[in-house]
Structure formats: C-alpha cells, structure tokens
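Student: I would like to go through this model with you. Could we begin with the sheet and what packs on it?

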Amino acid sequence: MTKIDIISGFLGAGKTTFIKKLLEEAISGEQVVLIENEFGEIGIDGGFLKNSGIEIREMNSGCICCSLVGDFGKSLAEVLTKYKPDRVIIEPSGVGKLSDVMKAVRDVAAEIEVTLNSAVTIVDVAKCRMYMKNFGEFFNNQIENAGTVVLSRTDIAAVDKVNQAVELIREKNPAAVIVMTPCSQLSGAQLLEIIEKPDTMAEDLMKEVEEHRRHHHDHEHGEECGCGHDHDHHHDHEHGEECGCGHDHDHHHDHDHEHGEACSCGHDHGHHHADEVFTSWGLENVGVMKREELDRILDELAYGDQYGEVLRAKGMVPGEKEGSWLYFDLVPEQYEIRDGAPEYTGKVCVIGAKLKENELKKAFGR
C-alpha cells in the first residue's frame, strides 16, 4: 500500500524545506516519488531535489486549480503503476486548492492500492493575516482541509504575530494539529510522526486514570502503586503537614477511600469507566512559561481546588530560554517538572472531576 502525503502551502511558505527534512531525516530508506505541480515555468526546486536522487515528475501545464483533477489523477496513477513506490509526496502549486488534490488522490485510491496518509499545510506566520484577507478562497482552502498546519518562521516572528496566526487558523480549522515549534528544533522523524499519527495524550491519560481507579485504592497509603511515578521526591507531604504552599491539605484530594466507595465527585467508581466519571481538558499552542509560574500552577493543581478535583495532569511547554522545554507530570499531591526535548507545540492535558475549565484556560492560555 503506497502512502501519499500532500505538503501544501502558499508561495514561499517553506514547503521545500519541510520536504527536504522529511526526505533526509525520516524516510531516506523508503522508495519515494515526489510529484511537483509548479505554476507556470519550471521551478528551481526541481534541480535541488533531483540531486537528492528522488524521482521527480514535473507537471507544468498549469496549477491544479486550473487544470482540475483529471490530468493530475491520470499522471498520479501513471507514477504509481510505473514506480510502485512506498510513498508519494505531492507538492501542489502554492496557489492550488488542497481539496482538489485530496479529491484526486481519493479518486485514484478507488482504482489503485494507495492511502491518503497526510495533508499538511505550511503557513508563514508573518503573512497569514494578509494572505487570508487577500487570497481567502485559496489560502483558507489549504488551511480548512489540512490535518496538520506547520507554522514557518516562528523563530523570527513576534510572539503576538504567532498567537494571532494560531487564532486565525483555529477559526478556520479547529481540529488541525498546529506545529508552532521551529522545524529546525524538531527532527524529521518527529515531524513525520506528527503528521501521521493523531495526538493521543488525553486518551492515554484517561486510560491511566482508569487503571488507577481499578488498582490504586487497593494499596495501603505509601505502598508501591505501580503507576510509574517517583512519589518520594516531589512535594511528598505527610497528610495535613504544613508545606508552605498556603493550602489546607486536609480538605483536598483525600483519595484513600475503599474501592467502590463514593468520593467527593459524587460517582460510584466501582461501576463506571473513567470516561463516565471523569472529564478531560486539554490545550494546545501553550506559550512560553517561566518555571516558577508553572510550579505555582502545578502546586495548586496537586493540592488545591481552584481548578477542580484533579486526578492526573501532563504537559510540555516552551521555557524562557530559546530551545528549552519544561515537561511535567502530576498526580494528587505529587508532581515533577523536568527539562525535555522540543515538542511541536506546547500542550497540556488535565483529567479530573468538576474541572474548572475557565480557570485552567486562564492559567495556561494567557
């Protein structure tokens, strides 16, 4: 089964740079065919990519939005039949409609064993608002149909410009994954994983909470619980002991009830799945945070009730120093912050009961 990845984006957004990174760092062992659809004359990208040993079929009879999908579909089928590649990367014209390319791929998939693996749009954050205003029909189409939107030039753009671009993109496509971290800080393998696989952090945490619900309350307080966290080193206060955080720990997160006993969330945990008892809240595109500020928020999440009854939280956010990232894990009355590798964007997920989503958004979404 041949995978087909569409890498779209307006002229000069950075499509070729993105594709080069994938080719060199993520899929160098695969048989790959790159199909370019340049508008007008042959572009210089063709020569650059030929030097990489990649088979290229230049199609310069006009952009896809002009020639529509008929000839393109025929050419795509011909490439698939002739080369039988592991993967085809399609780089549409900068002024083409992503939806047209996707339709062509689906039409071919009805006849040949191929799968539309991903649809990516590269967006220059400095030009997002202007392009959306002046070329709405074409620019918006690329955003609306993308599974992943990769922001380029975030390393040199002002923070408010980046945030404005994210808001505009979210209005057009609430479901897309938005990559805010400069691609130079991410590996090709990371980028490939982002565009191929959905983010399952919330699902994974919910499963973890379900396992805790089944097993954690059967252990005596302080016994090894098998949750994988080091409970000895981070805010491991005795019940009711003064910790300096200003909270009365006697009244929050008292989870030592027997299995099946009703806790303060009002549910009988012995007869429900986690997703029936608890809710999850998540936020992507979280901006730069100071370690001290993150520590303050996590202390309240772990010990207080300002954000509801929190059972699990996890996230990764960019730190103050360029290229630095802060990762955190939290369970009731314990949490840790550690340094980690750059992620495609800052993100946070919280699982709990009676979560105060507005307060969470104020804390992480400033």
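Student: Which strands does helix H12 lie across?
Tutor: Helix H12 (residues 291–303) lies across strand S9 (309–318), S10 and S11, and runs at about 155 degrees to S11. Helices (H or I, at least four residues) and strands (E, at least two) are DSSP runs, numbered from the N terminus. The angle is taken between N-to-C directions on a scale from 0 to 180 degrees, with axes as lines fitted to C-alpha atoms, for helices over the stretch in contact.

Student: What should I know about the source of the coordinates?
Tutor: This is a predicted model: local features need pLDDT of at least 70, side-chain atom pairs count only at pLDDT 80 or more, and totals for chains, interfaces and linings use all residues. Residues are numbered from 1 along each chain as its sequence is written, and side-chain values use heavy atoms, with hydrogens and water left out.

Student: And helix H13, which strands does that one touch?
Tutor: Helix H13 (residues 357–364) packs on the sheet and touches S8, S10 and S12. The direction of H13 makes about 25 degrees with that of S8. Touching, or contact, means heavy atoms within 4.5 Å.

Student: In what order do the strands of the open sheet come?
Tutor: The order is S8-S12-S9-S10-S11, five strands with antiparallel pairing. Two strands pair if DSSP finds at least two bridges between them. Strand S8 (279–284) and S11 are the edge strands, each pairing on one side only. From one strand to the next, the twist averages 10 degrees.

Student: How many bridges join S10 to S11?
Tutor: Seven bridges join strand S10 (residues 325–331) to strand S11 (residues 334–340). Tyr327 stands opposite Arg338 in S11. The hairpin of these strands has two residues between them, and there Glu333 takes a positive phi near 70 degrees.

Student: New topic. Which residues touch the most other members of the largest nonpolar core?
Tutor: They are Leu76, Ile90 and Leu151, in a core of 38 residues. Helix H5 (residues 98–109) gives the largest share, six residues. A nonpolar core is a set of buried Ala, Val, Leu, Ile, Met, Phe, Trp, Tyr and Cys residues joined through side-chain atoms within 4.5 Å. A second, separate core of 25 residues includes Leu283, Ala302, Ala313 and Val317.

Student: What does Ile90 touch?
Tutor: Leaving out residues up to four places away in sequence, the contacts of Ile90 include Ile4, Phe72, Leu76, Val101 and Val105.

Student: One last item: at what angle do H1 and H9 cross?
Tutor: The axes of helix H1 (residues 15–25) and helix H9 (residues 188–196) come within 8 Å and cross at roughly 110 degrees. H1 and H9 are therefore roughly perpendicular. Angles under 35 degrees count as roughly parallel, over 145 as roughly antiparallel, 65 to 115 as roughly perpendicular and the rest as oblique. Phe18, Lys21, Leu22 and Glu25 in H1 meet Gly188, Ala189, Leu191, Leu192 and Ile195 in H9.

Definitions and conventions: Buried < 20%, exposed > 50% of the residue type's maximum accessible area, 1.4 Å probe, protein only.
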